[in-house]
Amino acid sequence: MSEPESTHLDLYTWGTPNGRKISILLEELGLPYRYHAVDITKGEQNLPAFTRLNPNAKIPALEDHETGKKLMESGAIMLYLASKTGNLLSESGSAEYWNQVQWLMLQVGGIGPMLGQLHHFAKFNPGKSNYAEARYKSEATRLYGLLNDRLKDHDYLAQTYSVADISTWPWIARFDYQGMDLNDYPALKKWYLSIASRPAVQRGYVVPTEAEIPLPAR
Ligand SMILES: N[C@@H](CCC(=O)N[C@@H](CS)C(=O)NCC(=O)O)C(=O)O
């Protein structure tokens with residue numbers, strides 16, 4: 001992982017899917033950055049030092065001292081970093097660009113919120129709402145099926161490895177929290193394992209704290 005003496009990028013993050021998207025992307029892009037742990041289990045996302053960057057009080061947030069830009073929302077941060085470098089996002093306005101953006105938006109607007117709620121109800125608060133557990137489990141099942149169908153005849157969500165895969169992958173890395181078995185989704189499992197083997201993904205996964213990439217049992 002990069003912890004350079006000199007960089008203009010500061011990432012504020014925690015070891016969750018939304019945080020890992022950005023550290024993985026920074027590693028894939030080869031951009032030097034400093035990272036700062038914002039422990040959301042201790043409420044640090046609500047401290048003024050963080051809400052000056054993201055008034056919505058959620059990680060991740062990025063500060064670019066070169067441009068003076070402060071950014072909240074993982075999807076916006078991904079578009080910003082990829083556009084800045086011209087990598088992992090196709091030329092703006094091209095057919096492939098919109099292909100990548102639609103899968104990125106599906107993650108930000110659908111996959112993340114649905115799977116995140118499944119974590120809340122099924123993993124951390126089981127038994128509190130049977131309705132919510134069933135609702136979010138059925139959404140997870142539907143979304144895993146959608147991704148698996150897409151990946152049956154594509155190596156990546158768009159044509160080539162892009163911000164779309166990087167934003168979705170850390171959510172699938174929580175398959176255990178979601179009670180999902182990747183063996184039921186062979187194309188998704190193949191995609192998951194191939195991305196898990198990328199050195200940049202392995203470096204980005206352990207920001208800001210040590211963690212093991214979960215691997216399916218067989
Ligand atoms: N739409 C936001 C969601 C960010 C988000 O939900 N972050 C979670 C961690 S994965 C968080 O900071 N939770 C703390 C809280 O809800 O107070 C994004 O994509 O950046």
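Where is Glu 73 found? In this predicted model, Glu 73 belongs to the loop between β4 (69–72) and α3.

## Backbone features in the loops

Glu 73 is not a glycine, yet its phi is positive, at about 75 degrees. Its relative accessibility is 41%, so it counts as partly exposed. Ala 57 likewise has a positive phi without being a glycine, here of about 55 degrees. This residue sits in the loop between α2 and β3, and with a relative accessibility of 16% Ala 57 counts as buried. Most residues other than glycine have a negative phi, and most peptide bonds are trans.

Two cis peptide bonds can be described alongside these residues. One runs from Ile 59 to Pro 60, with omega near 5 degrees; Pro 60 is placed in the loop between α2 (48–51) and β3 (61–64). Another cis bond joins Val 207 to Pro 208, with omega near 0 degrees, and Pro 208 lies in the segment after α8.

## Domain arrangement

The protein is divided into domain 1 (9–85) and domain 2 (95–198). Taken over C-alpha atoms, the centres of domain 1 and domain 2 are 21 Å apart. To the contact, domain 1 gives 13 residues and domain 2 gives 14 residues.

## The nonpolar cores

The largest nonpolar core comprises 59 residues. Within this core, the residues with the most contacts are Leu 81, Tyr 144, Trp 169, Leu 188, Trp 191 and Tyr 192. Elements giving two or more residues to the core include β1 (9–13), α1 (17–29), α3 (74–85), α6 (163–172) and α8 (199–205). Helix α4 supplies its largest share, eight residues. At least three residues of the core come from each of domain 1 (9–85) and domain 2 (95–198).

Another core, of seven residues, lies apart from this one and has Tyr 12, Trp 14, Val 38 and Ile 59 among its members. In soluble globular proteins, nonpolar side chains tend to be buried together.

## Packing of α4 and α5

Helix α4 (residues 95–124) packs with helix α5 (residues 130–152) at an angle of about 150 degrees, and their axes are 9 Å apart. Their crossing is left-handed. On the α4 side, the residues that meet α5 include Trp 103, Leu 106, Ile 111, Met 114 and Phe 121; on the α5 side, Tyr 136, Leu 143, Tyr 144 and Leu 147 are among those taking part. The contact of α4 with α5 divides into 15 nonpolar, three polar and five charged residues.

His 119 also lies in helix α4. Because its relative accessible area is 7%, below the 20% limit, His 119 is buried. Beyond its neighbours within four places in sequence, His 119 is in contact with Phe 124, Trp 171, Arg 174, Tyr 177 and Gln 178. In helix α5, Arg 142 has a relative accessibility of 47% and so counts as partly exposed. The C-alpha atom of Arg 142 is separated by 26 Å from that of Ala 76, with the two residues 66 residues apart along the chain.

## Helix α7 and Tyr 192

The buried residues of α7 are Ala 187, Leu 188, Lys 189, Trp 191, Tyr 192, Ile 195 and Ala 196. These buried residues pack against α5, α6 and α8. With neighbours within four places in sequence set aside, Tyr 192 is in contact with Trp 169, Ile 172, Ala 173, Phe 175, Leu 182, Ile 213, Pro 214 and Pro 216.

How values were computed. Residues numbered from 1 in each chain as written. Predicted model: local features only at pLDDT ≥ 70, side-chain atom pairs only at ≥ 80, totals over all residues. Heavy atoms only, no water. Axes fitted to C-alpha atoms, helices over the stretch in contact; angles between N-to-C directions. Helix = DSSP H or I, 4+ residues; strand = E, 2+ residues; numbered from the N terminus. Left-handed = near helix turned anticlockwise from the far one by under 90°. Contact = heavy atoms within 4.5 Å. Nonpolar A, V, L, I, M, F, W, Y, C, P; charged D, E, K, R; others polar. Core = buried A, V, L, I, M, F, W, Y, C linked by side-chain atoms within 4.5 Å. Buried < 20%, exposed > 50% of the residue type's maximum accessible area, 1.4 Å probe, protein only. Domains from an automatic or database assignment.
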